[in-house]
Amino acid sequence: MAEQAIPGWKKWLEGSGDQVIFLKGFFRNVFRGGFEWSEFVRQCYEIGYKSFMLVGTTAFIMGLVLALQLRPTLVNFGAVSMLPKSLAVSIVREIGPIITAMICAGKIGSGIGAELGSMKVTEQIGAMEVSGANPIQYLVVTRILATTLMVPVLTLLGDVLGLLGGFLAINITSSVSAMLYFNKCLASIDFTDFLPAFIKTIFFGFVIGFVGCYKGYNSNRGTESVGLAANSAVVTASLWIFVIDAIVVQISSLLFYR
Amino acid sequence: MLSWFRLAVYFFIVNMKETEKVSQKKGNSSETVIHIKGLKKSFGANDVLKNINLDVKRGENVVILGKSGTGKSVTIQCIVGALVPDGGEVEVFGEEVAALKEKQLKELRMKIGFLFQSGALYDSMTVRENLEFPLTRVLKLKDQSDINNRVEEVLENVGLSDAIDKMPSDLSGGMRKRVGLARTLIVNPEIMLYDEPTTGLDPITSREISELILQMQKKYKTTSIIITHDMECADITADRVVIMNDGEYIAEGSVAELKNSKDGLVRSFFKSTL
């Protein structure tokens, strides 16, 4: 007997409902006793420390390239002294958070999706469930909280390295002291530049962890589903990062930049 | 004289109560620990379980035989509450599994060990960490020396003391099954559910695992349901064999009885599995 095809809208609604239930399960377990501190610290190390080189290198290069490309335009307008300010504002407000989040979505989101997907396929999650242990507490809560904490930290480090990249680019073509450069950078950014950007990185981190865990935890049986979980974790998290970015920019524009 | 008589009656009553308490704690061998009646489960249009009835007594080893896809694994997943039945009753220790709340289900699961076909070892942890996991997360033990003693004891019981610091990827199929068995036994479950414990193993290792299951059943005094295609495993471990076909139980008895069954379907099943 052929299975009846389920309409796309119904699948989408079912998926959304499952995500809400998963989210509810996460929050319920966060505030329940028995938090897995050792696993949380391990995840922070895996997610934060082991991503630092990749995020740092990319941010450094982005700062360098941005400075090299901005300089000719500013020279044309006779505004080359605005270069540190332009760099600082663009890196702190947008480039730092977005680049870090996209890298983390690719590296961490896919990693979490594949790891949990593989655990699901090999019945490890099932073994935890039937033994009376709490896999949501051990696997999901720790990973989502670790990404929520570590993505903002990585973004801060990425911002600093991006500015260092800009300093190097400026010193390729001219000579500016580090003191002058960083003083100008810091003088050009204030609380309203930093705070919304920092807040959105918390949401980015949460979304990366949540989507990775949801896709991995709910992957269907079979090895194909592991790859699918990793892939769809990256795609969905990336999409959500841009959506959150657009929303936060709109809200912060209304609040701070009118 | 009367006071002596009263004293004797008093001690008799106290003794009776103590005996009753001990007997309740140990469990009565005629007590039904798993009761399944009219169990039904479907996945979409596929009716996997149509009408399953089974009673398992304390200390009994029941082997469920059947072709692939007849719903054997689904049955034990309903027992442990991993799947919710569409109809019928599944009672474990007199409690309806589907009606249990999350906390009660967790408490019930602490009394049930489930050995997966693959062993389902946590591959990011060493053997020691795999065995510590249920002790620290399920039994919530804190004393590290107690944890170490339990881990070492159960590994010795399954003959794998040397593998304590190995990763699951360094173990053979048979060793993984042994570690999986050790991990389920370490919490001292009252019921053991084995999902094809000898599948994928060579005949010698299969026999060793089957004998180990029987030894552990005697040592830990568990009630067991063993799902298998392996007739040697059934021969070694079974007190009673139940045969499933097309979502229903079609026969039950000892291995010898079923081999000589007058039912052609049962006999043909034995021929095909032997």
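The sulfur of A:C104 sits 12 Å from the closest cysteine sulfur, the one in A:C44, which is too far for a bond. A disulfide here calls for a pair of cysteine sulfur atoms within 2.5 Å, and a search of the whole structure turns up zero of them over all chains. A:C104 is buried at 1% relative accessibility, where buried means under 20% relative accessible area, exposed means over 50% and partly exposed covers what lies in between (1.4 Å probe, protein chains only). Over in chain B, B:C233 is buried too, at 0% relative accessibility.

All of this comes from a predicted model, in which local features need pLDDT of at least 70 and side-chain atom pairs count only at pLDDT 80 or more, while totals for chains, interfaces and linings use all residues. Residues are numbered from 1 along each chain as its sequence is written, chains are lettered from A and ligands numbered from 1 in the order in which they are written, and side-chain values use heavy atoms, with hydrogens and water left out.

As for chain B itself, it holds ten helices and ten strands; these are DSSP runs numbered from the N terminus, with helices being H or I of at least four residues and strands being E of at least two. Of its 274 residues, 48% count as buried. Taking the contacts in chain B between residues at least 6 apart in sequence, 68% join residues at least 24 apart, a contact being heavy atoms within 4.5 Å.

Now for the place where the two chains meet. On one side are 17 residues of chain A, in contact with 21 residues of chain B on the other. The size of an interface is often given as the accessible area lost when the parts come together. Here chain A and chain B bury about 1,600 Å² between them, with 55% of that on carbon and sulfur atoms; buried area is the accessible area (1.4 Å probe) that two parts lose on being put together, summed over both. Three residues, A:E123, A:Q124 and A:V130, supply 34% of the area that chain A buries against chain B, more than any other three residues.

Charged and polar pairs turn up across this interface as well. The rule finds three salt bridges between chain A and chain B, a salt bridge being a side-chain nitrogen of Lys or Arg within 4 Å of a carboxyl oxygen of Asp or Glu. There are also six residue pairs in polar contact between the two chains, both residues at pLDDT 80 or more. A polar contact is a pair of N or O atoms within 3.5 Å; within protein, one must be able to donate a hydrogen and the other to accept it, and residues adjacent in sequence count only if both atoms are side-chain atoms. Helix α4 of chain A (residues 124-131) gives the most to the side of chain A that touches chain B, with seven residues. That side of chain A divides into six nonpolar, six polar and five charged residues. In this scheme Ala, Val, Leu, Ile, Met, Phe, Trp, Tyr, Cys and Pro are nonpolar, Asp, Glu, Lys and Arg are charged, and the others, Gly among them, are polar.

One salt bridge brings together the side chains of B:R137 and A:E36, at 2.7 Å from N to O. Over all chains, the count of salt bridges comes to 21. B:R137 lies in helix α4 (residues 127-137) of chain B and A:E36 in the loop between α1 (8-30) and α2 (37-76) of chain A, so this pair joins two chains. A:E36 is buried, at 11% relative accessibility.

Other salt bridges stay inside one chain. B:E208 and B:R178 meet through their side chains at 3.3 Å, N to O. B:E208 belongs to helix α7 (residues 203-220) of chain B and B:R178 to helix α6 (residues 173-185), so the pair ties together parts that are 30 residues apart in sequence. B:E208 is partly exposed at 37%, whereas B:R178 is buried at 16%. Also in helix α7 of chain B are B:E211 and B:R207, four residues apart, about one turn of the helix. Their side chains form a salt bridge of 3.1 Å, N to O. B:E211 is partly exposed, with a relative accessible area of 33%.

Finally, B:S145 is found in helix α5 (residues 144-157) of chain B. B:S145 is partly exposed at 42% relative accessibility, and its side chain makes a polar contact of 3.0 Å with that of B:D143.
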